[in-house]
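Student: Could we go through this model together? I would like to begin with the strands and then turn to the pockets.

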Amino acid sequence: MKRKTGFTTSILHADRESVIEHGSLHKPLHLSVAYGYRDARELANVFQGKAQGYAYGRQGNPTAAALEEKVNRMEDGIGTVCFGTGMAAIGAIMLALLRDGDHIVASSFLFGNTNSLFNTLAAHGNEVTFVDATDVALVEAGIRSETRLIFVETIANPRTQIADLSHIGELCARRGLLYVVDNTMTSPYLFRPNAVKASLVVNALTKYIGGHGNALGGSVTDTGIFDWTRFANIQDTYKGPKTALWGLTQIRKKGLRDWGGTLAAEQAHHLAVGAETLSLRMDRACANAMSLAQFLAARPEVRAVYYPGLDSHPQHALAGELFAAYGALLSFELDPKLDCFDFLNRLQHVVLSSNLGDNRTLAIPVAHTIYHEMGAVRRASMGIADSLIRVSVGIEDREDLLADFAQAMTG
Ligand SMILES: *Cc1c(COP(=O)(O)O)cnc(C)c1O
């Protein structure tokens with residue numbers, strides 16, 4: 001039997017396992033919008049899915065397909081579809097799989113734009129019940145007869161709550177519900193949601209997998225665990241002989257061909273190059289985050305630190321069981337005597353920016369920016385104080401990072 005290669009080796013050598021032009025070390029950029037055929041029958045077969053091939057760029061391109069293969073290996077899935085952004089990936093799942101009247105149970109601690117998307121869905125006839133997903137009993141209480149799927153994130157941003165991932169997986173298996181896990185904050189290097197029986201895994205490739213803040217992208221991976229024959233909303237045309245592929249086929253057709261959430265070849269290339277060093281960057285960023293969290297927790301100017309790696313974190317033990325490390329995102333509340341804007345303005349290496357998962361350390365005052373639109377009431381219910389600062393920790397030299405925070409505290 002062929003020896004199974006490790007995480008990073010497998011990504012590095014994925015492209016060259018199939019025929020690649022001129023022995024190129026990277027999958028080339030295929031920028032063509034359309035693909036020409038000499039044989040009309042072959043063209044017809046490609047359209048009907050009977051032959052491998054490409055028809056029109058909106059439905060995918062070979063460069064994006066090479067990235068799909070890499071993400072699929074990382075997540076150990078049975079298939080992966082890539083999209084132009086993480087939000088396009090989440091939107092495609094909802095567009096492809098929900099019908100009028102279907103209900104969603106979602107974690108109330110969600111990426112802000114996902115929260116906003118779910119409110120949009122509510123206006124289109126798909127009600128969403130938001131629950132505290134750190135407690136499986138509350139998730140179960142949210143289920144109705146119309147519930148179609150459960151949606152959670154691994155580590156929530158900005159307060160770093162960790163969903164009760166294994167128990168929710170067992171609940172979904174027992175009730176026959178689709179279990180969608182957004183793995184962006186952990187990345188497949190720290191955690192594979194198939195370990196907790198997730199049906200579909202979302203990654204915003206924009207964040208840790210790309211890692212350099214130079215390309216947007218998203219993905220949906222089918223873990224092969226969900227039984228699609230039990231899912232009411234698959235169209236007859238997508239019910240091929242392999243039942244395991246029904247869901248992803250419908251997501252690909254609706255999300256790319258019909259909705260146009262396509263990942264361009266150039267972006268796919270950038271993301272694939274980033275993916276090669278995911279493990280190295282993640283090790284360094286997680287170690288930096290742990291050091292920074294410990295440093296902040298010891299400072300008198302800091303009222304609270306939220307980081308799963310600290311003993312004080314309510315799901316510290318759970319994070320240790322599930323994840324290979326505690327992630328690279330933390331948040332903290334300054335003592336109200338310090339103005340959080342003045343503090344942020346004194347930072348010299350840290351960039352004031354809304355992204356996360358960049359190589360550079362980024363910080364943002366949450367209530368005044370990404371959670372502003374949500375309003376004070378919802379913010380309070382999510383535990384977001386006015387002085388909360390989110391830090392996406394990068395790969396800088398540790399001493400420089402700690403020194404920057406130290407000088408910004410003392411002014
Ligand atoms: C950023 C992010 C997304 C959306 O990804 P984009 O590529 O920015 O659209 C979705 N989920 C989580 C958890 C994220 O952090």
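Tutor: Let us begin with a pairing: strand E12 (residues 388–392) runs antiparallel to E11, and four bridges join the two. Please keep in mind that this is a predicted model.

Student: Which residue of E12 does Ile364 stand opposite?

Tutor: Ile364 stands opposite Arg390 in E12.

Student: And what is the sense of the pairing between E10 and E11?

Tutor: Strand E10 (residues 351–352) pairs with E11 in the parallel sense, over two bridges. Within E11, Leu362 is the bridge partner of Val351.

Student: Which way do the residues of E11 point, and are they buried or exposed?

Tutor: Strand E11 covers residues 362–365. Leu362 and Ile364 point one way, while Ala363 and Pro365 point the other way. All four of these residues are buried.

Student: Changing topic: how much space lies in the largest pocket?

Tutor: About 1600 Å³ of space lies in the largest pocket. Its lining consists of 47 residues, and those nearest the centre are Gly49, Ala51, Gln52, Gly53 and Arg252.

Student: Which elements give two or more residues to that lining?

Tutor: They are helix H2 (40–47), helix H3 (62–75), strand E1 (79–83) and helix H9 (246–258). H3 gives the most to the lining of the largest pocket, namely eight residues.

Student: What is the make-up of the lining of the largest pocket by class?

Tutor: That lining has 21 nonpolar, 15 polar and eleven charged residues.

Student: Now the second largest pocket. How much space lies there?

Tutor: The second largest pocket holds about 630 Å³ of space. It is lined by 28 residues, with Met87, Phe111, Gly112, Asn113 and Lys207 the closest to its centre.

Student: Which domains does the lining of the second largest pocket draw on?

Tutor: It draws at least three residues from each of domain 1 (56–275) and domain 2 (278–410).

Conventions: Residues numbered from 1 in each chain as written. Predicted model: local features only at pLDDT ≥ 70, side-chain atom pairs only at ≥ 80, totals over all residues. Heavy atoms only, no water. Buried < 20%, exposed > 50% of the residue type's maximum accessible area, 1.4 Å probe, protein only. Pairing = 2+ DSSP bridges. 1 Å grid on protein atoms, 1.4 Å probe; cavity = no way out; pocket = protein on both sides within 12 Å on 5 of 7 lines; lining within 4 Å. Points joined across faces, edges and corners; volume = space filled by probe spheres on them. Nonpolar A, V, L, I, M, F, W, Y, C, P; charged D, E, K, R; others polar. Domains from an automatic or database assignment.
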